[in-house]
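This briefing concerns the protein displayed below. Please read it alongside the sequence and the three-dimensional view.

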Amino acid sequence: MTQSISLKVPAELDHPFFFPEKETILEKECYTGWNGSIPFEAFPYEILYYNNVVSYAPWTKGAMHIKELLEKWKGIDTECSILFSERKAGRTLGLMKQGIGLFLNAVFWMHGKPVVLSDCRVQIESFYNIPVNAAERVSFILARPASFHSYRQLSELFREFEKLYVKFMTINKNNRNV
């Protein structure tokens, strides 16, 4: 049986797009290990971590989970593409929220850090394996999350990030064999 707990949204994750309320409810047991099949929640592992609740910390094994995040994006990308082609942009906001969250998870976790939204731009600029102008592009997307241009920008960010991820994994695999 799972137990739901009410947690404050920590200052590190305080962003009105992802958390319009100052509290959120999570089922703690769902996050004691990695579970890629859980329906989308915005940054549940980070919420537990910043509230000092013992849980799994996927950023400690970030590169291991990024492939799953990229696969989830491909499903969201397909749904968004269909909705935009049918001129139903208003129905894409939830999907874009998931996609932006997945992208931020992928970028931060690949660098071994939990997501920080409060100074997201500064954090992203400090990373080395990121697409060109990623911080500015994420800011653009967050300012207009349901627009077609934001969707195209996010899709490009994922494509560029996936190439960097493959390069990162290849280099690290070759370093282990040396």
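The points below are grouped by topic, from the overall fold to individual residues.

The model is a predicted one. The protein has 6 helices and 2 strands, and from the N terminus on the elements run β-β-α-α-α-α-α-α. With a radius of gyration of 16 Å, close to the 16 Å that the globule rule gives for 178 residues, the protein is as compact as a globular protein of that length.

**Overall dimensions and packing**

- The C-alpha trace of the protein spans about 50 × 40 × 30 Å along its principal axes.
- Of the 178 residues in the protein, 46% are buried.
- Among contacts with a separation of 6 or more, 58% are between residues 24 or more positions apart.

**Surface and charge**

- The protein has an accessible surface of about 9600 Å², and carbon and sulfur atoms account for 53% of that surface.
- There are 21 positive and 19 negative side chains in the protein. The centres of these two sets lie 6 Å apart.

**The strand pair**

- Strand 1 and strand 2 run antiparallel and are joined by 5 bridges.
- Within this pairing, Ser4 stands opposite Glu27 in strand 2.
- The side chains of strand 1 (residues 4-8) alternate along its length.

**Residues with positive phi**

- Phe43 has a phi near 50°, a positive value in a residue other than glycine. Phe43 is placed in the loop between strand 2 (23-27) and helix 1 (44-50).
- Phe43 counts as buried because its relative accessibility is 1%, and the cut-off for burial is under 20%.
- Arg87 also has a positive phi, near 55°, and is likewise a residue other than glycine. The position of Arg87 is in the loop between helix 2 (62-85) and helix 3 (93-110).
- Arg87 counts as exposed because its relative accessibility is 77%, and the cut-off for exposure is over 50%.
- Which of these loop residues is buried and which is exposed? Phe43 is buried, while Arg87 is exposed.

Notes: Residues numbered from 1 in each chain as written. Predicted model: local features only at pLDDT ≥ 70, side-chain atom pairs only at ≥ 80, totals over all residues. Heavy atoms only, no water. Helix = DSSP H or I, 4+ residues; strand = E, 2+ residues; numbered from the N terminus. Rg over C-alpha atoms; globule rule 2.2 N^0.38 Å. Buried < 20%, exposed > 50% of the residue type's maximum accessible area, 1.4 Å probe, protein only. Contact = heavy atoms within 4.5 Å. Areas by Shrake-Rupley, 256 points an atom, 1.4 Å probe, with all protein chains shown as cover. Lys, Arg positive; Asp, Glu negative; His and termini not counted. Charge placed at Lys NZ, Arg CZ, Asp CG, Glu CD. Pairing = 2+ DSSP bridges.
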